Structure formats: structure tokens, C-alpha cells
Amino acid sequence: MINNISILGSTGSIGTQALDVVRAVKGDDIKVHGITGNNNIDLLEKQALEFKPEIVAVMDEEKSIELKKRLKSENIKVLGGMEGLIKVATMENVETVLTSVVGNVGLEPTLEAIKSNKNIALANKETLVSAGELVMRTAMGKGIKILPVDSEHSAIFQCLQGKHDNNIYKILLTASGGSFRGKTIDELKNVTVDDALKHPNWVMGRKITIDSATLMNKGLEVIEAVWLFNVNVNQIQVLVHPQSIIHSAVEFEDGAVIAQLGAPDMRLPIQYALLYPKRVDTNLPRLDLFEHNNLTFEKPDMDTFKCLSLAFRAINEGGTMPAVMNAANEVAVERFLNREISFLQIPELIEKTMNSYSPVYNYDLKTVLEADKWAREFVYNQTVK
Ligand code: MN3
């Protein structure tokens, strides 16, 4: 069987690893019909020539014109902007859309893909954080599958295979702890962007690496898990597990805990989502447990890494509060990466944004986008010392 896919965000960390998976799967098991990128047209051009998709979309309109010129001798359509993204998300011959764009820009194309009956291989967690209720309701209505790509959620999803009618008692969501695990507030005062970008176990994009360092990534993942697995936030326990070997676990009502383990390599969860429920050997690194005889677990330090407690607060308050938290975080991280604010000002700005906002309940897409826009402007306009 051929899996017909398109990839939103093919030039990023998940997107390029997804194309590695497509290459590694023997035969013609995965066919890529559409790819999109933000502005890296050099890489998009290379990918287009190799994978021969029917459509390539570039978020940056000017860059899309340039790419169109470069690909004019090929039988490939080049589109620009959000319209192009949505086109690739809704292509007729595609069954599964991998959403690996970074940030809330993935929300609209993901919803459009669901409405066009596509299964979603979901790597864009911000989509579920900002509009989880809306996305899951739309997906349920269409009867499509949402296949998690985030390693923890893929682990939980794998632990739930064959569970029949047994309820989840608890989700054990593991966290590496990021670049600053064990540090005190005092030690975090003067950390730099370069310090924050050094992740101990995973090679990832810049935004998610900073989110890992602040523990906001784990906060976003808590909210993602609430929606994906239909559990109460109180059923989720975050455990810092610095070795990143246990990718998460599920505890059932009888006390049995089922965990998924593996080498920390994103190609495994990507491949599982794209070939689900099939498992094939593509020569990924294998886990040697004799090399890992010291798997450890700690409680997360939510006082020092305040972003995690802000995420619990946001999902508890509900409505559009998680969307506002997510947007505030996106801008705060961008400002940190631009060296305009310090590391500890990331949670400070997010908390200030949340304190200045009252959530809207029973929201639609328009309400979420408005809340998102409000929060972005709020954080951009904060002057910091
Ligand atoms: Mn993850």
C-alpha cells in the first residue's frame, strides 16, 4: 500500500527527518505530493527536484516567485503564502498531512486538512495548545485519525494500542529537563541564547530547544496530551528523565504501567505516524539497555521553571487562555533569540500577558486568532530593562 502524504514545514527539523524516513522506507511506500516551507527556497528546490511533489508552497510570497522561476522547467506548481499552505494541506490525492510547521501558523491549514478528510500526523503541538477543543471536535466529526509525532505522545499512543475499553488512570509524561536542568534561579539570571540552544539529548529547531530549556515545551505537551488522549490535566504526571530513553508511559486502573522505550531519534515516531499501524526496519539506531543501566526520574522544579506551572494554569483556566499563553510564549522566545530579553523574562512576560487577559469560552477559529493576535501584540509592546 502506498501512503500518499504532504508535508507542511518540510525544511525544518521534523520535515527533513520525515524526508529521511521517506527515503529509508524501501519500495514506494510513501509518496510525497506536496511540501511547504517558510523561506528556505534553496532547500525547497533540492527537495522538490528529489521528491517530485506536484505542489511546493512558500510562506514568503517574494521567495515563492523566485522559486517558481527556478522550477519552471519542472512539472511542479509553486504557490505562495497561507493560501499555498492550505492548498498543500487539502490536496485531493493525499491521505495524510504531516504538520511540522513551527507555531500557531499551523492552525488554519491543519483545520482545513481535517475538513478535507485528511489524517493528521501531528508534529505542530501549538495547534492543539491554542485550539485543542476545536481541532478535536472537527476531527471527531470527520472521523479522521490524529497520529501524534511528538515523541512523548507517540509513546503514549503506542502504549494505548490494544487497550480496548480500559481507561487511562494516569499518563507519565517524561521530560529531558532541557539545557538547564538542576540550575537555580540565580544561575539562570545571566544564561545566554547559546547556552540555551545546547540541548543534551535531542537535535531540534531553535524554538523548541528554547521551549525545552524553559520547560514550556513540557507545558505545551501536557495540554497536547489532554486533548489527544481525552484525559483530565490532573491525570498527567510530568517526570524529569534526563536519559530520554523512556519516551512516556501510561498507568492503567489495575496499576500496570506500560512504557515505550527507544533511542532518542525523532525518525522513529515520525515513521510510526506515517506508516501506522505498520512497523518496518529502516536501520534506525537500536536501543542497547546494557548501555543505559541508570535510568533516573525526578520531580520537575516548577518554581524555578515557571513556564510549566503557567501551562497548568492555562489549561485549568481553559477557553482561549492556552492560546494566549502559547502566543505570548512564541513572541517571548523570539525576543529572547533576538537578545532583547533575558531568559527569566520569558516566563515573566507570559505571566504578565495571562494576568492581563480574561479567557473566552466556547470559542471558534476567529476568536482564537484574535486572542492569539492580542497576546502577540501585548508581548511585542512590553519594554524590558
Ligand atoms: Mn516532545
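## A buried asparagine

N326 has a relative accessible area of 0% and is therefore buried (buried means under 20% relative accessible area, exposed over 50%, and partly exposed in between, with a 1.4 Å probe and protein chains only). N326 is part of helix α14 (helices are DSSP runs of H or I with at least four residues, strands are runs of E with at least two, and both are numbered from the N terminus). Apart from neighbours within four places in sequence, N326 is in contact with N104, E126, V129, S130 and L220, where contact means heavy atoms within 4.5 Å.

The model is predicted, so local features need pLDDT of at least 70 and side-chain atom pairs count only at pLDDT 80 or more, while totals for chains, interfaces and linings use all residues. Residues are numbered from 1 along each chain as its sequence is written, and side-chain values use heavy atoms, with hydrogens and water left out.

## The whole protein

The protein has 16 helices and 11 strands. Its radius of gyration is 20 Å, close to the 21 Å that the globule rule gives for 385 residues, so the protein is as compact as a globular protein of that length. The radius is taken over C-alpha atoms, and the rule is 2.2 Å times the number of residues to the power 0.38. Along the principal axes, the C-alpha atoms fill a box of roughly 60 × 50 × 40 Å.

Of the 385 residues, 56% count as buried. The protein exposes about 17,300 Å², with carbon and sulfur atoms supplying 49% of that area (areas come from the Shrake-Rupley method with a 1.4 Å probe, and for residues only the protein chains shown count as cover). Among contacts between residues at least 6 apart in sequence, 69% join residues at least 24 apart.

## Around S100

S100 sits in the loop between β5 (96-99) and α5 (107-115). With a relative accessible area of 9%, S100 is buried. S10 is 90 residues from S100 in sequence, but their C-alpha atoms are 7.2 Å apart in space.

Setting aside neighbours within four places in sequence, S100 is in contact with I7, L8, G9, I14, G15 and A123.

## Helix α10

Seven of the nine residues of helix α10 (residues 206-214) are buried, so this helix is largely enclosed by the rest of the structure. The buried residues are K207, T209, I210, D211, S212, A213 and T214. They pack against α6 (125-142), α9 (193-196), α11 (216-229), α13 (306-317), α14 (321-337) and α15 (345-355). After α10 comes L215, whose phi is positive, near 70°.

## Salt bridges

The whole structure holds 27 salt bridges (a side-chain nitrogen of Lys or Arg within 4 Å of a carboxyl oxygen of Asp or Glu). One of them joins E50 and R23, with the closest N and O atoms 2.6 Å apart. This pair links distant parts of the chain, since E50 is in helix α2 (residues 41-51) and R23 in helix α1 (residues 13-24), 27 residues apart. E50 is partly exposed at 43%, and R23 is partly exposed at 44%.

E317 and R313 form another salt bridge, with their closest N and O atoms 2.8 Å apart. The two residues are four apart in helix α13 and are therefore separated by about one helical turn. Salt bridges that share partners also join K125, D150, E152, K218 and E221 into one network.

## The manganese site

D150 (OD), E152 (OE) and E221 (OE) coordinate the manganese ion at 2.1 to 2.2 Å. Donors are N, O and S atoms within 2.8 Å of the metal (3.2 Å for Na, K and Ca); water is not among the atoms, so sites may look incomplete. Along the chain, the donors follow the spacing D-x1-E-x68-E. D150 lies in the loop between β7 (146-148) and α7 (151-159) and E221 in helix α11, so the pair ties together parts that are 71 residues apart in sequence. D150 counts as buried at 9% relative accessibility, and E221 counts as buried at 0%.
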